[in-house]
Amino acid sequence: MSSAEDIIREVTALGGMTENNLRIVLNGYEITKKSNELAVIEDKRARALQMFFVTKHVEGCSPRTITYYRGVLKRFFTDANCNLETVTSDVIRYYIAIRSERDGLSKVSQDNELHVLKSFFGWCTSEDYIEKDPTRNVKPIKRDQRIKKAFSEIELEKLRKSVGNKRDLAILETLYSTGCRVSELCGMERKNIDGNEITVFGKGGKERVCYLNAKSQLAISEYLSERTDNDPALFVGLRKPHERLKHGTVEQLFRELGLKAGVEKCHPHRFRRTAATIALNRGMPIDQVQKMLGHAVIGTTTIYAQSDMENVKASHKKYVV
């Protein structure tokens, strides 16, 4: 390695700065030869991340899911400020604690981010990028057990009466009738409607048939009758060029509709919860509700099986006498 004096002599020999001026500029700095080690470390991490996202794409994860994974991992490596091999269980725990205390992240979101980290480092271990999975001993975050309410029948009617156009009414009725996810709604095609059935593609590209009740069939028919565009999507923007609706647009639509109708916590996923809750309360077997919602495991469906307090109140009056 060249000494500082050697470097000063080399630079001044090139001209443009006197030796004294260069000494003043470099005063307080330690001159060392640039190492390629950091570049190698960053390249390895970048390579691992790139191939991880490629793997998720091949496995059928949606672009939205991959974008979420990318954001979580970018934030983690920025906050943790360490390379792939030096991540430990304590680093993971500290990161989650920081997200909780500094950023006010809910336990659900903390657990979601931990799931991403477990997925990534588990993959890195299986692909021999690292020897030991640092997330293996990190336990899942215990989520608060809160019963999330479905819309009441009065709230549904308030929302229906507040809708300002045929498209939005068709979206509302379709969400309620099918219990589908927002991503599935945005991906619906006109050609996939067959009478009271519509084919949708859920998580991982899994195909399933959803069912349209009379109200949703009529609302869709009236909406399509006034469409003048040729877009194959079932639901498109109201203004030209009438492009397929996106997830964020539907979320915003119901936030505004909820404010207009005076219905709190109005968002698309609540229609899914409402469809499942009403179906269960009216006697639909839980395994059929599972198929309706497209859940891979029935344990997910049981979240919706908790009767609301009105049902408990009615049953108490009937049975506890």
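The text below treats the nonpolar cores, then a pocket, then the cysteines.

The model is predicted, with local features needing pLDDT of at least 70 and side-chain atom pairs counting only at pLDDT 80 or more, while totals for chains, interfaces and linings use all residues. Residues are numbered from 1 along each chain as its sequence is written, and side-chain values use heavy atoms, without hydrogens or water.

A nonpolar core is a set of buried Ala, Val, Leu, Ile, Met, Phe, Trp, Tyr and Cys residues joined through side-chain atoms within 4.5 Å, where buried means under 20% relative accessible area, exposed over 50%, and partly exposed in between (1.4 Å probe, protein chains only). The largest such core holds 35 residues, and L159, I171, L185, M188, F235, F254 and F271 have the most contacts inside it. Apart from it lies another core of 26 residues, among them F76, V87, Y95 and V138. Beyond its neighbours within four places in sequence, I171 is in contact (heavy atoms within 4.5 Å) with L185, F235, L245, L253 and F254.

The lining of the second largest pocket includes Y176, Y211 and R282; by class, this lining has eight nonpolar, three polar and one charged residues. A pocket is an open set of points on a 1 Å grid over the protein atoms alone, where a 1.4 Å probe fits, with protein on both sides within 12 Å along at least five of seven lines; lining residues have an atom within 4 Å of a point.

No disulfide (a pair of cysteine sulfur atoms within 2.5 Å) is found in the whole structure. The sulfur of C180 is 5.9 Å from the closest cysteine sulfur, in C210, and is therefore too far for a bond.

| Cysteine | Relative accessibility | Class |
|---|---|---|
| C61 | 24% | partly exposed |
| C180 | 2% | buried |

Methods
Ala, Val, Leu, Ile, Met, Phe, Trp, Tyr, Cys and Pro count as nonpolar, Asp, Glu, Lys and Arg as charged, and the others, Gly among them, as polar.
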